[in-house]
Amino acid sequence: MLYSIRLLSIFLFSLLLQPILAVKFELVADKYPKPRCIWNFASAHSLVIVTANVPPGPGQRVDIEILDGSEKGNVYLSKRDIKGETRLAITTHASADVGVCLKNHLESGSGRLSRSVELDVDIGADAVDYNAIANQESLSILEVEMRKLEAVTKEIVDELGYLQRREMRMRDTNESTNDRVKIFSILLMLGVIGLGAWQLLHLRSFFKRKYLID
């Protein structure tokens, strides 16, 4: 009985760890549209599956682009004129926020036109088809859930490592900035002292010329 309760707790914990990344929004058409982006963090070498459901719209063209927010600014995929249900898959190169950007181009017609877009983003463990793995390796339901939990735990560890590395970079940047500010403050103080000394010497010379002091 206690063993079953533990297994149930693990299963529920794994469900809580899985993020819900499905969204639905209106994408307004324009001749020069601005991209509408949905961002989610993904570890390096993670599988990302994007499912976009775009209903038909006369005089409109929806383009999609998948990129990340790393220093290199990787662009993984760019596709024009997606229609209906479109399923795209990429593998990330770096630990960073991955953005799915859509643009709705107005090619003909007038007025305010838009399309209701459904977007579903599965990352890492959520993108893996565990049913296919279970059928291929003849795994039980419990073994499949343990596989899921293992993958989710690995993603959490990778994300914590990424956050730690980013915090270290920010700390190094802050320390470097503080050192520069200190050096600038010292130079500014020396400049003020030098300017004051020069003014004193100049006034002393001026007063001597005017015979105001000996």
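Is Lys83 buried or exposed? Lys83 counts as exposed, at 57% relative accessibility; here buried means under 20% relative accessible area, exposed over 50%, and partly exposed in between (1.4 Å probe, protein chains only).

A quick word on the model before the views. This is a predicted model, where local features need pLDDT of at least 70, side-chain atom pairs count only at pLDDT 80 or more, and totals for chains, interfaces and linings use all residues. Residues are numbered from 1 along each chain as its sequence is written, and side-chain values use heavy atoms, with hydrogens and water left out.

**View 1. An open sheet in the order 1-8-3-6.**
Four strands make up this sheet, and the pairing is antiparallel. Strands, like helices, are DSSP runs numbered from the N terminus (E, at least two residues, for strands; H or I, at least four residues, for helices), and two strands pair if DSSP finds at least two bridges between them. Strand 1 (22-28) and strand 6 (84-91) sit at the edges with a single partner strand each, so one side of each has no neighbour in the sheet. From one strand to the next the twist averages 20°, with axes taken as lines fitted to C-alpha atoms (for helices over the stretch in contact) and angles running from 0 to 180 degrees between N-to-C directions. Zoom in on strand 3 (residues 47-54) and you'll find it pairing with strand 6 over eight bridges, in the antiparallel sense. Val54 stands opposite Gly84 in strand 6.

**View 2. Another open sheet, in the order 2-7-4-5.**
Again there are four strands with antiparallel pairing. The edges belong to strand 2 (36-42) and strand 5 (75-79); each has a single partner strand, so one side of each is left without a neighbour in the sheet. Twist here averages 15° from one strand to the next. Strand 4 (residues 60-68) runs antiparallel to strand 5, and four bridges join them. For a handy landmark, look for Ile64, whose bridge partner in strand 5 is Lys79.

**View 3. The largest nonpolar core, with 23 residues.**
A nonpolar core is a set of buried Ala, Val, Leu, Ile, Met, Phe, Trp, Tyr and Cys residues joined through side-chain atoms within 4.5 Å. In this one, Val50, Ile66, Leu102 and Leu119 have the most contacts inside the core. Strands 1 to 6 each give two or more residues to it, as do strand 7 (96-106) and strand 8 (114-123). Ile66 touches, among others, Val50, Val75, Leu77, Leu88, Ile90 and Val98, not counting residues up to four places away in sequence; contact means heavy atoms within 4.5 Å.

**View 4. Another core, of five residues.**
Among its members are Ala125, Tyr130, Ala134 and Val152, and this core lies apart from the largest one. Val152 lies in helix 3 and counts as buried, at 4% relative accessibility.

**View 5. Salt bridges, with a count of five.**
The rule is a side-chain nitrogen of Lys or Arg within 4 Å of a carboxyl oxygen of Asp or Glu. Lys24 pairs with Glu118, the closest N and O atoms being 3.8 Å apart. Since Lys24 lies in strand 1 and Glu118 in strand 8, the pair ties together parts that are 94 residues apart in sequence. Lys24 is exposed, with a relative accessible area of 58%, whereas Glu118 is partly exposed at 36%.

Glu107 forms a salt bridge with Arg61, and the closest N and O atoms are 3.0 Å apart. Glu107 lies in the loop between strand 7 and strand 8 and Arg61 in strand 4, so this pair links parts that are 46 residues apart in sequence. Arg61 counts as buried, at 12% relative accessibility.

Lys83, from the opening question, bridges to Asp81, with the closest N and O atoms 3.8 Å apart. Asp81 counts as partly exposed, at 33% relative accessibility. Salt bridges that share partners also join Arg61, Asp63 and Glu107 into one network.

**View 6. One aromatic pair.**
Rings of Phe, Tyr and Trp (its six-membered ring) pair if their centres lie within 6.5 Å; planes under 30 degrees apart count as stacked, over 60 as edge-to-face and the rest as tilted. The ring centres of Phe41 and Tyr162 are 4.8 Å apart and the planes stand at 35°, so the pair is tilted. Phe41 lies in strand 2 and Tyr162 in helix 3 (residues 141-209), so the pair ties together parts that are 121 residues apart in sequence. Tyr162 is buried, with a relative accessible area of 13%.
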